[in-house]
Amino acid sequence: MAAIRNVAVAGASGNLGSHVLKALLQANFNVTVLTRSQKPGSYDAKITVAEVDFTSTNSLTSALQNQDAVVSTVGIAGLEGQKILIDAAIAAGVQRFIPSDFGVCTTSPKVLGFPFYSTLATVRQYLADKAATSTLSYTVVAPGSFLEYLLMAPSVVDFKNHSVALIDDGNNRFSTTTLANVGTAIAGIFNNPEKTRNRVVYVSEAILTQRQVLDIAKEIKSKITWTISNIKSSDVLREGLDAVASGDNSLQAVGKILLGTAFGGEEYGSAYDSNDNILVGIEAISQQKLKDLIAERFN
Ligand SMILES: NC(=O)c1ccc[n+]([C@@H]2O[C@H](COP(=O)([O-])OP(=O)(O)OC[C@H]3O[C@@H](n4cnc5c(N)ncnc54)[C@H](OP(=O)(O)O)[C@@H]3O)[C@@H](O)[C@H]2O)c1
């Protein structure tokens with residue numbers, strides 16, 4: 001397989017995409033951004049920007065000429081549409097595709113039938129089927145929970161109201177990675193195309209529990225009295241599934257499904273005891289950096 005040099009990024013203006021873009025530039029890849037509409041001055045002069053119609057294979061195929069790889073970081077609204085992007089990547093002769101997935105337990109067989117997860121699974125299956133019959137290969141990235149998001153989620157630790165609803169006693173383990181290092185891992189994948197071919201790459205800067213986050217918070221601000229309650233991941237999951245089944249597709253309902261699974265412990269494989277950190281250039285987070293990120297939540 002030829003070396004990957006030219007990389008197209010879909011969804012580069014998003015939360016994760018901006019970090020991926022930065023990491024790819026730092027690693028000296030030639031980057032082309034695929035966007036629905038370019039905002040003036042949004043991108044560095046080194047970046048080629050292509051305005052595309054994500055619903056048109058022709059538009060995408062022409063934007064993907066000479067690209068070695070595509071990484072998609074599109075948000076929820078764009079997930080289903082990635083099938084068209086995959087078709088265009090094949091038509092343009094792209095070698096590697098990383099779909100927008102980036103979950104904690106999205107690849108666990110136990111969540112495949114659940115809302116939201118099923119969309120990701122459909123795209124992965126589409127990609128795997130296409131990879132079996134074309135020159136395109138793929139890598140799915142499982143980075144655990146984005147650390148910055150995890151620390152902002154009141155359902156994990158509510159730093160504003162000083163309260164915590166402990167899920168299954170708060171000892172469930174889950175992997176987590178900072179947004180910047182999800183970007184670093186993607187650059188690492190493109191630098192190791194053979195070893196990352198047609199599989200899930202697991203990245204884990206730390207394995208944490210809710211109680212560990214709370215303990216560090218207590219260490220930083222020892223005078224705070226926390227209100228502690230207890231919930232069961234299976235109850236939260238059931239509430240989310242029932243709500244969606246009754247037609248409620250709100251972020252809150254889907255959020256319960258995500259909370260009940262991603263923070264549901266070993267059941268859903270959320271802690272990556274074995275991972276690909278070394279291969280893709282990721283080091284474990286230092287205790288000090290973790291403490292600093294948690295301290296920021298009190299500002
Ligand atoms: N593990 C975790 O903790 C975690 C947490 C959150 C998200 N995620 C995952 O990370 C990925 C990226 O999420 P994000 O929150 O960074 O996304 P985001 O900020 O919501 O959106 C990213 C970009 O997607 C593009 N986009 C939006 N709708 C589109 C459409 N219909 N077709 C094509 N492009 C569209 C937009 O770019 P343009 O306007 O430039 O076209 C947008 O800036 C997703 O797979 C998500 O599931 C994981």
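The model is predicted: local features need pLDDT of at least 70, side-chain atom pairs count only at pLDDT 80 or more, and totals for chains, interfaces and linings use all residues. Residues are numbered from 1 along each chain as its sequence is written, and side-chain values use heavy atoms, with hydrogens and water left out.

**The two domains**

Begin by colouring domain 1 (6-142 + 179-202) and domain 2 (146-175 + 206-272 + 281-296) separately. These bounds come from an automatic or database domain assignment. The C-alpha centres of domain 1 and domain 2 are 27 Å apart. Where they meet, 20 residues of domain 1 are in contact with 18 residues of domain 2; contact means heavy atoms within 4.5 Å.

**The largest nonpolar core**

Next, select Phe114, Leu147, Phe159, Leu208, Trp226, Phe263 and Ile294, which touch the most other members of the largest nonpolar core, a set of 39 residues. A nonpolar core is a set of buried Ala, Val, Leu, Ile, Met, Phe, Trp, Tyr and Cys residues joined through side-chain atoms within 4.5 Å. Buried means under 20% relative accessible area, exposed means over 50%, and partly exposed lies in between (1.4 Å probe, protein chains only).

Among the elements that give two or more residues to this core are helix H5 (147-152), strand E8 (163-167) and helix H11 (287-296). Helices (H or I, at least four residues) and strands (E, at least two) are DSSP runs, numbered from the N terminus. The core lies between domain 1 and domain 2, because both give residues to it. Apart from this core lies another, of 31 residues, including Ile4, Val9, Phe29 and Phe146.

Now centre the view on Phe114. Leaving aside neighbours within four places in sequence, Phe114 is in contact with Leu237, Leu241, Ile257, Thr261 and Tyr268.

**The cavity**

Select Ile167, Gly170, Asn171, Asn172, Phe174, Gln210 and Phe263, which line the largest cavity. On a 1 Å grid over the protein atoms alone, a cavity is a set of points where a 1.4 Å probe fits but cannot get out, and lining residues have an atom within 4 Å of a point. A search of the whole structure finds one cavity of 30 Å³ or more, and about 40 Å³ of space lies in the largest cavity. Grid points are joined across faces, edges and corners, and a volume is the space filled by probe spheres set on the points.

The lining has three nonpolar, four polar and no charged residues. Here Ala, Val, Leu, Ile, Met, Phe, Trp, Tyr, Cys and Pro count as nonpolar, Asp, Glu, Lys and Arg as charged, and the others, Gly among them, as polar.

Select Ser175 in strand E9 (residues 174-177). Ser175 counts as buried because its relative accessibility is 0%. Beyond residues up to four places away in sequence, Ser175 touches Gly144, Ser145, Ser204, Ala206, Ile207, Ser270, Ala271 and Tyr272.

Then move to Ser286, in the loop between helix H10 (277-280) and H11. With 39% relative accessibility, Ser286 counts as partly exposed. The C-alpha atoms of Ser286 and Glu205 are separated by 9.0 Å, although the two residues are 81 residues apart along the chain.

**Two asparagines**

Most residues other than glycine have a negative phi. Select Asn66, in the loop between helix H2 (57-63) and strand E4 (69-72): its phi is positive, about 70°. Asn66 counts as exposed, at 63% relative accessibility.

Finish at Asn198, in the loop between helix H6 (179-190) and strand E10 (199-202). The phi of Asn198 is also positive, near 50°, and at 30% relative accessibility Asn198 counts as partly exposed.

Definitions and conventions:
1 Å grid on protein atoms, 1.4 Å probe; cavity = no way out; pocket = protein on both sides within 12 Å on 5 of 7 lines; lining within 4 Å.
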